[in-house]
Amino acid sequence: TPAPAVVVSTWDFGAAANAEAVRARIAGGSGLDMVEAGAKVPEADPTNHSVGLGGYPDRDGHVTLDSVVMDHAGNVGAVAALEDIVHAVSVARAVLEKTPHTMLVGAGARSFAVDQGFPLTNLLTPEAEAAWKEWLKTAQYAPRVNSENTDWRSQPGGPGNHDTIGILGIGPDGHMAGACTTSGMAFKMRGRVGDSPITGAGLYVDDEVGAATATGVGEDVVRICGSHSVVEAMRHGMSPTEACRSVVERLARLRGAAIKDHQVALLALSKTGVAGGWALQPGFTYAVTDAAGNTRIERAGSFFG
Ligand code: SD4
């Protein structure tokens, strides 16, 4: 059996995020410090078109970010439809620590971030702008699966193996925390908010049981309160993998043919450091890292073959 994981995150690029999280942990940081440090890595990476700087815009050309953080004591902070700030996860954390609220959205979130000293940055990179202009030629919104079975990676708007990051951590004191951050679905309607900043959908942390996070088509994750459902399944005795699988299967039963071209991927970490995941479509990977910083990439099983 592998050493217990102290941090897990979605997709192969989670490896770089996990490395930062472990660095924060070794420096004495809390679970919240870990997941924030990790989530900031893809936020600052302009080549990731689903998170932070370089994220694909909405259909009107605005890059809008959604993010949430949650700690072991049920403290939550979130932002939705945040513009012009690279590190949405850090603004979410500021909502947790500096306000009496759990979520700020849109212009209010942006002015709060400015008040907190976050710099304003144009998040629309030339590459993302070019992809948006290409998309405008047809302007067909069709959320595509992040799957190895389709050729969508090569299509404009296909984020390839880059996606929302959900990251779950266990601090040196044994307490869990999580974060989820995204620019949402490429070319979404203006004002659209997905699952990622919604507590219980994109992220849920329960320090008695474990934590879970989600990526994929947010509308589907919201319908089943994806992350909270995974944590509750774990509470009733399922392993992280079994819990993620049961929730994916529940979604498939609920939605039938409506989800056949969608991806939804769930990732969980138990309180004891066991990681597991499951997805609708094949191709979902996640990064699992132990306290010494050793990382392995796991490939999740899937509902569709
Ligand atoms: C959303 N779940 O906004 C996010 C998007 C995502 O690329 O995971 N993807 O629906």
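This note goes through a predicted model point by point.

1. **The ligand shell.** The ligand is surrounded by 14 residues. The closest are Thr 164, Gly 184, Gly 194, Thr 215 and Gly 218. Sorted by class, the shell holds 9 polar, 3 nonpolar and 2 charged residues. Two of the closest residues, Thr 164 and Thr 215, come back in the points below.

2. UniProt, in an unreviewed entry, puts the feature "active site" at Thr 164. The annotation is taken from that record. In the model, Thr 164 sits in the loop between H5 and E5. Leaving out residues up to four places away in sequence, Thr 164 touches Thr 10, Ser 50, Val 51, Cys 180, Thr 182, Ser 196 and Thr 215. One of these contacts, Thr 215, is also among the residues closest to the ligand.

3. **Thr 10.** This contact of Thr 164 belongs to strand E1, residues 5–10. Thr 10 counts as buried because it has 29 C-beta neighbours inside 10 Å. Its contacts, again without residues up to four places away in sequence, include Asp 163, Thr 164, Ile 165 and Gly 166. Thr 213 and Thr 215 are also among the contacts of Thr 10. Thr 10 and Gly 54 are 44 residues apart in sequence. From C-alpha to C-alpha, Thr 10 and Gly 54 are 18 Å apart in space.

4. **Strand E8.** E8 spans residues 210–216 and is mostly covered, with 7 of its 7 residues buried. In a regular strand, side chains alternate between the two faces of the sheet. Which residues of E8 lie on each side? Gly 210, Ala 212, Ala 214 and Gly 216 are on one side. Ala 211, Thr 213 and Thr 215 are on the other. Both faces of E8 are covered.

5. **Partners of E8.** Strand E7, residues 203–206, pairs with E8 in the antiparallel sense over 4 bridges. E7 and E8 form a hairpin, with 3 residues between them. Asp 206 has Gly 210 as its bridge partner in E8. Leu 203 stands opposite Thr 213 in E8. E8 is also joined to strand E9, residues 264–270, by 7 bridges, and these two run antiparallel. In E9, Ser 270 stands opposite Gly 210. Five strands form an open sheet in the order E7-E8-E9-E10-E13, and the pairing is mixed. Which strands are at the edges? The edge strands are E7 and E13, the latter covering residues 301–302. Each of these two pairs on one side only.

6. **Helix H5.** H5 covers residues 126–136, and its buried residues are Ala 128, Ala 131 and Trp 132. Why do these residues fall on the same side of H5? They cover an arc of only 100° around the axis, which puts them on the same side. Pro 126, Ala 130, Lys 133 and Glu 134 are exposed on the other side of H5.

7. **Tyr 141.** The loop between H5 and strand E5 (165–170) also holds Tyr 141. Tyr 141 counts as partly exposed because it has 14 C-beta neighbours inside 10 Å. Tyr 141 and Lys 188 are 47 residues apart in sequence. Their C-alpha atoms are 7.3 Å apart in space.

8. **Positive phi values.** Asp 84 has phi near 70°, a positive value in a residue other than glycine. Asp 84 lies in the loop between strand E3 (76–82) and helix H3 (88–98). With 18 C-beta neighbours inside 10 Å, Asp 84 counts as partly exposed. Cys 225 has a positive phi near 45°, and it too is a residue other than glycine. Cys 225 is in the loop between helix H6 (218–223) and helix H7 (226–235). Cys 225 counts as partly exposed, with 19 C-beta neighbours inside 10 Å.

Notes. Residues are numbered from 1 along each chain as its sequence is written. This is a predicted model: local features need pLDDT of at least 70, side-chain atom pairs count only at pLDDT 80 or more; totals for chains, interfaces and linings use all residues. A residue is buried if 20 or more other C-beta atoms lie within 10 Å of its own, exposed if 12 or fewer, and partly exposed in between; C-beta atoms are placed from the backbone. The arc is that of the directions from the helix axis to the C-beta atoms. Two strands pair if DSSP finds at least two bridges between them. A residue is near a molecule or strand if its C-beta atom, placed from the backbone, lies within 6 Å of it. Ala, Val, Leu, Ile, Met, Phe, Trp, Tyr, Cys and Pro count as nonpolar, Asp, Glu, Lys and Arg as charged, and the others, Gly among them, as polar. UniProt positions are given in the numbering used here, feature names are shortened, and annotations may be inferred rather than shown by experiment. Two residues are in contact if their C-beta atoms, placed from the backbone, lie within 7 Å.
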